[in-house]
Amino acid sequence: MDIRMTDARERLIELARERGASLAGLSQLIGRNPTYLQQFVRKGSPRKLEEEDRRTLAEFFGVAESELGAPADKSYVGPLVDWVEVPRLSLDASAGPGALGAQEIPFDAFRFSPRWLREMGLEGADLTAIRVEGDSMEPLLRSGDEIFVDRNKRGHEGIHVVRIGDALHVKQLQASAPGRIALISLNKAYAPIDLAREEVEVIGRVVWKGGRV
């Protein structure tokens, strides 16, 4: 039995749980099929992580590569000054009736390497992380998912977090008529909401998601 790889599998599960990330999402992060890390963790196949995959995951979690099975001499953690923090806010963006906004004071933060942000196309983004509540954006976004909102990208079509009155929503935006905007749910059980443009404050575009399997 390879004790080092057993420890690496257990550590990967622990890190994913702490970050609130799914193994499927992490598999996609390293360019693999969604079941790749699930197979690595549960079945030991592959027997070990490829070096490039291991490095990407270590950078994502901000840990040494040795924690994910690398030999000690291949362990690496970038300087702390190089990490970019994405604040987590005590807000829920509703994929349902509407979540009341709270004070936008970070209670925690995700930490990423600039390289990972660059590879995800998020370099220079003004990011904040908030939680999805409700089921109107299923199957793409599920209740409990954490989403990154880029405040630099607003007012275009796509999935956005918007504020209507005091309530936050996450919806797909679509121009419906001059001066009006439609908020579209991906779950067909919810009808589109058509509003005057001035009734909707666009907070930012959803550019990344993470959640449990």
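Helices (H or I, at least four residues) and strands (E, at least two) are taken here as DSSP runs, numbered from the N terminus. The structure is a predicted model, in which local features need pLDDT of at least 70 and side-chain atom pairs count only at pLDDT 80 or more, while totals for chains, interfaces and linings use all residues. Residues are numbered from 1 along each chain as its sequence is written, and side-chain values use heavy atoms, with hydrogens and water left out.

With those conventions in place, the overall picture comes first. The protein chain holds five helices and ten strands. Of its 213 residues, 44% are buried, where buried means under 20% relative accessible area, exposed over 50% and partly exposed in between (1.4 Å probe, protein chains only). The accessible surface of the chain is about 11100 Å², with 48% of it belonging to carbon and sulfur atoms; these areas come from the Shrake-Rupley method with a 1.4 Å probe, and for residues only the protein chains shown count as cover. Among contacts with a separation of 6 or more, 56% are between residues 24 or more positions apart, a contact being heavy atoms within 4.5 Å.

The buried set consists of Asp 53, Arg 54, Thr 56, Leu 57, Ala 58, Glu 59, Phe 60 and Phe 61. Just after the helix, Gly 62 adopts a positive phi of about 75 degrees. Another cis peptide bond joins Glu 138 and Pro 139, with omega about 10 degrees; here the proline sits in the loop between β4 (127–133) and β5 (146–150).

Strand β8 (residues 180–184) is mostly covered, four of its five residues being buried. Strand β7 (residues 167–177) pairs with β8 in the antiparallel sense over five bridges, where pairing requires that DSSP finds at least two bridges between two strands. Within this arrangement, Ala 177 has Arg 180 of β8 as its bridge partner. The hairpin of β7 and β8 has two residues between the strands, and its Gly 179 takes a positive phi near 80 degrees. Strand β8 is also joined by four bridges to β9 (residues 193–196), and the two run antiparallel; Ala 182 has Asp 194 in β9 as its bridge partner.

Strand β10 has pairings of its own. Five bridges link β5 and β10 in an antiparallel arrangement, with Arg 205 in β10 as the bridge partner of Asp 150. Strand β6 (residues 158–164) is joined to β10 by four bridges, again antiparallel, and Val 162 stands opposite Val 202 in β10.

Strand β3 (residues 106–112) includes Asp 108. This residue is partly exposed, with a relative accessible area of 39%. Leaving aside neighbours within four places in sequence, Asp 108 is in contact with Val 86, Pro 87 and Arg 88. The C-alpha atoms of Asp 108 and Arg 88 are 5.2 Å apart, although the two residues are separated by 20 positions along the chain.

Grid points are joined across faces, edges and corners, and a volume is the space filled by probe spheres set on the points. The largest pocket holds about 460 Å³ of space. Its lining has 22 residues, of which Ser 22, Gly 25, Lys 209, Gly 210 and Gly 211 are the closest to the centre. The elements giving two or more residues to this lining are α2 (23–29) and β10 (201–210), and α2 supplies the largest share, five residues.

The structure also holds two cavities of 30 Å³ or more. The second largest cavity has a volume of about 30 Å³ and is lined by Arg 19, Gly 20, Ala 21, Phe 110, Glu 146, Trp 208 and Gly 210.

Terms used. On a 1 Å grid over the protein atoms alone, a cavity is a set of points where a 1.4 Å probe fits but cannot get out, and a pocket is an open set with protein on both sides within 12 Å along at least five of seven lines; lining residues have an atom within 4 Å of a point.
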